[in-house]
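Work through the exercises below with the sequence and the model open. Each task is followed by a stepwise solution.

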Amino acid sequence: MDETDISFFKDGLRLDGRKADQLRPVKIEVGVLARADGSCYIEMGGNKVIAAVYGPREVHPRHLQEATRAIVRYRYNMASFSVEDRKRPGPDRRSQELSKVSREALEPVILTSFFPRSVIDVFVEVLQADAGTRTAGINAASVALADAGIPMKSMISSCAAGKVADTIILDPMKEEDNFGQADLPIAMTPNGDITLLQMDGGLTPDEFQRAVDMAMKGARDIYELQRDALVRKYSQMVEQPGREEVHVCD
Amino acid sequence: MDRKVVVPGDLLSEDAKRSGEGTYVKNGSVYSLLYGLANFRDKINVIPLAGKYVPVPGDNVIGVVKDITFSNWIVDINSPYDGLLHISEFPKRIESEEMSKYLHIGSSIMTRVTDVDPTMKVELTLNDKKLGLIKAGQVIEISHTRVPRLIGKGGSMISMLKKEVNCNIFVGQNGRIWIHGGTEDMDLALKTITLIDREAHTNGLTDRIVDFLKTEKGARS
Amino acid sequence: MSVTNVISEIKKDFIYNLLLKGERIDGRTFDQYREISIQRDVIRKAEGSALVKLGSSQVLVGVKMQPGEPFQDTPNKGVIITNAELVPLASPSFEPGPPNEMGIELARLVDRGVRESKAVDLGALCIVPGKQVWIIFIDVHILDDCGNILDAASLGAIAALMSTKVPAARYGLGEDYILPIRDIPIATTAIEFNDVLMFDPGVDEEAIANTRLTIISTMNGNICGSQKSGTGMLKPEQVYRIIDIACEKAKEIREKFLEA
């Protein structure tokens, strides 16, 4: 099947009924894991992603230590059952690249100099994938870092834009990602400083700019949802102390 | 007092002079570094809801010996950084080969941070009558961010607690607390500290703790 | 080097003193399980899935199926492949990398329960004898290790299998159908510490005990697998006592959570 076989729009709406500049439904829960220092569960459309933060903690192996700052490690991993055709467990080239750029998306806001010789570990598990797992992972990781009490200059929010049927769209879903013309994920601070930018496909310079604008608008909306989730967790702690209920995959 | 939940990056004030703990200044404005509760007084401080204990000289902490080298005990202090207790900081003169006779792996100690260098080498001492090996009682762990609530303003909460539950209590700034007393007294102390830990972020905590102790003790007698 | 988990003697003593009084740190009785919840079909991309919460422990199990070649010695039988990921998200002591011996033991025990109970009729999974059979992948994803992840994983595996739909249509092999399940194996684990037997251990209890025994029992009350684990020793009487309680607990869990 190639892109010409798919009609991406019906009556001006997308396959799942969204407008071109509309996000999929997003759900965020903070503090879903007991063992981790900070954690977050996120659903973005059909994506189900969980992030955990451990640290700052001792670095093993020791030669990775840095005398004046904490190192940040980010591990993006897909569960074997998260995709249509079972994925072989363990890291592959794709997950290693995503881990690297995701770490670099978060590191600029983390006050690593507060914790010399330590490591801040971020673990992201994709439980169900539906296009946009890296952006979901970064959004969850940013909330989990805050939940772990890691000092940061700001939150990081991430969203993708794409191009299908010569139209720029926000937050592509699986079909749009597979058969679309371009995918452009970004991550940024609420001020609009971009910390991740990737693109594949084909865009004119003008389209590129419009895609960045649209992805930034999406990321801003996600920032509000991240913030709400954190504030909500706090009020739950005050109203029902000790009842820090866990909600994964509900 | 004005309090508000904030997340990292929230704008707190346009007056740089009000920057307190857990905040940073950029272009003359004050922003939050942490997810936590911002207290707006002259200075704005953000109290985190979680986070790791980072040792500061002068802190009393409770540690667990995790290794022994030629002249140091390596002590886990519930922090990203281990503490080093040098043989010379033991209250009595001992030889290197008998170190494990006095403190072995798994021993809990009440100790104090004497020095932290820029590479986060943490030095500890036992040279004070209040410090030493824990031989009896219980050690419980709460988040170190809750320790200030347990101590209370000017030590009000902890001294009230010690009196009411009739226990010895040693509060480690690293969130580990030693309790020693009669079995029932220790149970009550444990319950009360758990309650303080759980409700540390709520208003009117002291009154609730006083009521709680009254009810519990009433039920006992 | 792995993260050292020094448990202080004070804590050990505390747990031990409670044991002498017949108590556990979280107030349970020695044979009492923590609260169990099972949510099925949580992962749409999988043919079957289940999220099990055992107290605060959380385990997600996904089942995927695809046609493939049979093993040469069983040309007419389907294949089960069980894998467990002890991902570092789940515990400060888990590390990234290929499964270590702990993960492999866990996967093999989950596999043993499913296989030896004959819960899945492998003969019915043959598509073309000697050429093509269904391969069932059971993937265990540990999310939060608050103790006894083995029992949670086993429970997740059977619950996920019970919700599995064979994706026949996707491979042009007729209509999708529910995977028939013939038995419901349940694993129950106890630890031994100073002659006290405790079921469904939490992390602190696991840390103090040297000995663990897992009994996997089937619907007719027989045992289809067991494993002693850890560096301690067990007396035969202790083993028999664990079996008695284990079979009873398994029956309770099965009736309450899986036969509804």
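The exercises cover confidence, chain contacts and nonpolar cores.

This is a predicted model, in which local features need pLDDT of at least 70 and side-chain atom pairs count only at pLDDT 80 or more, while totals for chains, interfaces and linings use all residues. Residues are numbered from 1 along each chain as its sequence is written, and chains are lettered from A in the order in which they are written.

**Exercise 1.** Find where pLDDT stays under 50 in chain A.

Step 1. Take pLDDT, the predictor's confidence in each residue, from 0 to 100; its mean for chain A is 93.
Step 2. Locate residues 243-247 of chain A, where pLDDT stays under 50.
Step 3. Where pLDDT is low, the predicted coordinates should not be read in detail.

**Exercise 2.** Describe the side of chain C that touches chain A.

Step 1. Count residues in contact (C-beta atoms, placed from the backbone, within 7 Å): chain C gives 32 and chain A gives 29.
Step 2. Sort the chain C side by class: 16 nonpolar, nine polar and seven charged residues. Ala, Val, Leu, Ile, Met, Phe, Trp, Tyr, Cys and Pro count as nonpolar, Asp, Glu, Lys and Arg as charged, and the others, Gly among them, as polar.

**Exercise 3.** Which residues touch the most other members of the largest nonpolar core?

Step 1. Collect buried Ala, Val, Leu, Ile, Met, Phe, Trp, Tyr and Cys residues joined through C-beta atoms within 7 Å; buried means 20 or more other C-beta atoms within 10 Å of the residue's own.
Step 2. Among the 153 residues of this core, the answer is Ala51(A), Ala140(A), Leu145(A) and Ala153(C).
Step 3. Check Ala140(A): its contacts include Cys40(A), Ile50(A) and Val124(A).

Terms used
Two residues are in contact if their C-beta atoms, placed from the backbone, lie within 7 Å. A residue is buried if 20 or more other C-beta atoms lie within 10 Å of its own, exposed if 12 or fewer, and partly exposed in between; C-beta atoms are placed from the backbone. Lists of a residue's contacts leave out its neighbours within four places in sequence.
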